[in-house]
Amino acid sequence: MLSELRTSRLSPHKYYELYMRAFDEMRKLEMFFREETRRGSCSVVDLYELVQHAGNVLPRLYLLCTVGSVYIKSKEAPAKDVLKDLVEMCRGIQHPLRGLFLRSYLSQISRDKLPDIGSEYEGDADSINDAVEFVLQNFIEMNKLWVRMQHQGPVREKDKRGKERNELRDLVGKNLHVLSQIEGVDLEMYKENVLPRISEQVVNCKDDLAQFYLMDCIIQVFPDEYHLQTLETLLSAFPQLQPSVDIKTVLSQLMDRLSNYAATSPEVLPEFLQVEAFAKFSNAIGKVIEAQVDMPVVGAVTLYVSLLTFTLRVHPDRLDYVDQVLGACVKKLSGKEKLEDSRATKQIVALLSAPLEKYSNIVTALELSNYPRVMDYLDNATTKVMALVIIQSIMKNTTCISTSDKIEALFDLIKGLIKDMDGAQDDELDEEDFKEEQNSVARLIHMLHNDDHDEMLKILCTVQKHILQGGPKRLPFTVPSLVFSALKLVRRLQGQDGDVTGEEVPATPKKIFQILHQTIEALQCIPCPELSLRLYLQCAEAANDCDLEPVAYEFFTQAFILYEEEIADSKAQITALHLIIGTLQRMNIFGVENRDTLTHKTTGYSAKLLKKPDQCRAVYACSHLFWTDDQDGIMDGERVLLCLKRALRIANAAQQMANVSKGSSGSVILFIEILNKYLYFFEKGIPQITNTVIQDLIELIRTEKQNDSSASDPSAEAFFASTLRYIEFQKQKGGSIGEKYEQIKAS
């Protein structure tokens, strides 16, 4: 069977199967030899000499290793001498495949017989050096054989040989595992002897597969504390590796392993500072990138991502280290246009996201001078993605950004969301995605806050400067947020006033209203008249609360101009008019002249609506402008009654028009709505509205219902019945209101 192992025709996979069968038989043979020597049938020394007379070298060496195992166990000779003899004799097989398996057999049968500390085969003080030397020598020879496999056979089968070598790599790597298990290999020996010898072999073999695998093995099998104390030696090998070696993966694994070590053993953190781990990793990565001029951008950025992850886990308090990593990345990317490689872009996003995830505070990231410089290399789409990540981080951690300088830096980071980048078109973006982006910016604006009024004003000015660059598509989303944030500050300043001239202006309502006026004017240019009108009315109400009559009047004037010149759609006119009426009704600051001007304009607009029912509803809504319950509020019963009578005339005209066009008088719903307005003001005690007036209106509605030949309107019937029940309820309730209703006949 041992002679069969001399074949060169089998693939590594098939040869392995043959080897395992031979291995099983060799173990049985070893047990037989051990038993024979124990009984004294033959001397192990004679047996060791005898097997060396076998005819073929490969079977001879397998037999020699087997008997050598028995020889060591017998302790008739020092283990180190036998092992040295065996490892030298194995040089007789230089065929890569056969030599690899032979040395693998030697490694397997000797691993429990090394003269290690505490082992039964331990010899003198130097025996540990002999054990290490044996394993290292076997490893070096196996690696040479493994590398040589790549260069045997025709070039066309190079890829096939590479796959076959990959299947055999564990045979070589097991030697390093054995080395790591030797008790006598302490830090000093590892530093002075083991690592330099292994690194030398890895570098000198000049084979990309071997270099990648063996560097990975070193990182995986030896303890973390050894790596930490020998970083300089280990890292010095990386720049000397072949350009085709995937260094970024191996280096990343080393940094990940050491950062995990620091995370699980905080007591070792001072050692990281002592050995200057960050500086060594940073220098090594710089040298690797410099040595491998053809390294793709994604490879370099991946290295910096791993270095940054290492830094954030080991030195989270050293922002200068974090900024140094970002600066090194900027240096690597300098001279390049926007990144187009999606993999590199993804790594840049990971690089920028890491500080946000670690510190949970965008303010910390804003202190990194190189952070925005890295973002500049992202394409427009990814810049937006990164901006959303930043905003989501702020939302998630409810971060308060409270200075205008920080706001300036923040908006520079998220500029991809607040303005067009280098002619990029948002038309390509899905409408829903665009809305979500702008809503995120709007939510961000609401989170900006400072208790100091002057600083808050600076923040608002900074935000205004940036969002007004957003263009017509963005302003409708972002301007309202700015306006309401400014109005919050106005209400905090309520009652204050001051001169608004000069450069350093203190925060006063007047100053803020000037900013608001400019901001909403920008919104008008889109145009977006309905939104602008709503914002003007909000500002007018805030000015009312601050007792600034001229400011409030100006905002109402702008709202009326918008209504007259920009709002043409009839439905939009109705909505706008009711908003104007509702806001004006709550105003208590206007003098008689200004209020009369505004109410006259409003009632005039109401009567000019296109449809009669809309006219009617707007006119009776205007009645509220002449009667307010506030102390010192306007109470003009004559004009209330005038509005209600005018509404009745318009309702009657609507009935006649319906009769002309449809052949029926139409619904009486308008009359019922007006009746409810009469009842409201009747209860308010307006002397001009008497029970006789209400009774006449009830009779009018009944008459109109009887004259209507068309099918009755169920909603109008229910509304009228509910109104009559209300009158009866007020009667039964008694009291002063009940007495007033007593004269009205609802049934």
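This report describes the overall form of a predicted protein model and then turns to a few of its residues.

## Overall form

The protein is built from 36 helices and has zero strands. Along its principal axes, the C-alpha trace spans about 140 × 65 × 55 Å. A compact globule of 747 residues would have a radius of gyration near 27 Å, whereas the value for this protein is 45 Å.

Three domains are assigned: domain 1 covers residues 1-222, domain 2 covers 241-361, and domain 3 covers 654-742. Between the C-alpha centres of domain 1 and domain 3 there is a distance of 108 Å.

## Burial, contacts and charge

Of the 747 residues in the protein, 50% count as buried, and the protein exposes about 34,800 Å², with carbon and sulfur atoms supplying 49% of that area. When contacts between residues at least 6 apart in sequence are considered, 70% of them join residues at least 24 apart.

The protein carries 85 positive and 107 negative charges, and the mean positions of these two groups are 5 Å apart.

Gly 299 and Ala 344 are 45 residues apart in sequence, and their C-alpha atoms are 7.9 Å apart in space. Leaving aside residues up to four places away in sequence, Ala 300 touches Ile 289, Met 295 and Lys 332. A distance across the model is given by Ala 300 and Gln 695, which are 395 residues apart along the chain and whose C-alpha atoms are separated by 89 Å.

Helix 14, formed by residues 277-291, holds Ala 284. This alanine, Ala 284, counts as buried because its relative accessibility is 4%. Ala 284 and Ala 237 are 47 residues apart along the chain, while 9.2 Å separates their C-alpha atoms.

## Two loop residues with positive phi

Lys 206 is placed in the loop between helix 8, residues 187-205, and helix 9, residues 208-221. Its phi is near 55 degrees, which is a positive value in a residue other than glycine. With a relative accessibility of 56%, Lys 206 counts as exposed, because exposed means over 50% relative accessible area.

Asp 547 is found in the loop between helix 27, residues 529-545, and helix 28, residues 549-565. Although Asp 547 is not a glycine, it has a positive phi of about 60 degrees. The relative accessibility of Asp 547 is 60%, so this residue counts as exposed.

## Bringing the residues together

The residues described above fall into two groups by setting. Lys 206, by contrast, is exposed in the loop between helix 8 and helix 9, and Asp 547 is exposed in the loop between helix 27 and helix 28.

Methods
Residues are numbered from 1 along each chain as its sequence is written. This is a predicted model: local features need pLDDT of at least 70, side-chain atom pairs count only at pLDDT 80 or more; totals for chains, interfaces and linings use all residues. Side-chain values use heavy atoms; hydrogens and water are left out. Domain bounds come from an automatic or database domain assignment. Helices (H or I, at least four residues) and strands (E, at least two) are DSSP runs, numbered from the N terminus. The radius of gyration is taken over C-alpha atoms; the globule rule is 2.2 Å times the number of residues to the power 0.38. Buried means under 20% relative accessible area, exposed over 50%, partly exposed in between (1.4 Å probe, protein chains only). Contact means heavy atoms within 4.5 Å. Accessible areas come from the Shrake-Rupley method with a 1.4 Å probe; for residues, only the protein chains shown count as cover. Lys and Arg count as positive and Asp and Glu as negative; His and the chain ends are not counted. The place of a charge is taken as NZ of Lys, CZ of Arg, CG of Asp or CD of Glu.
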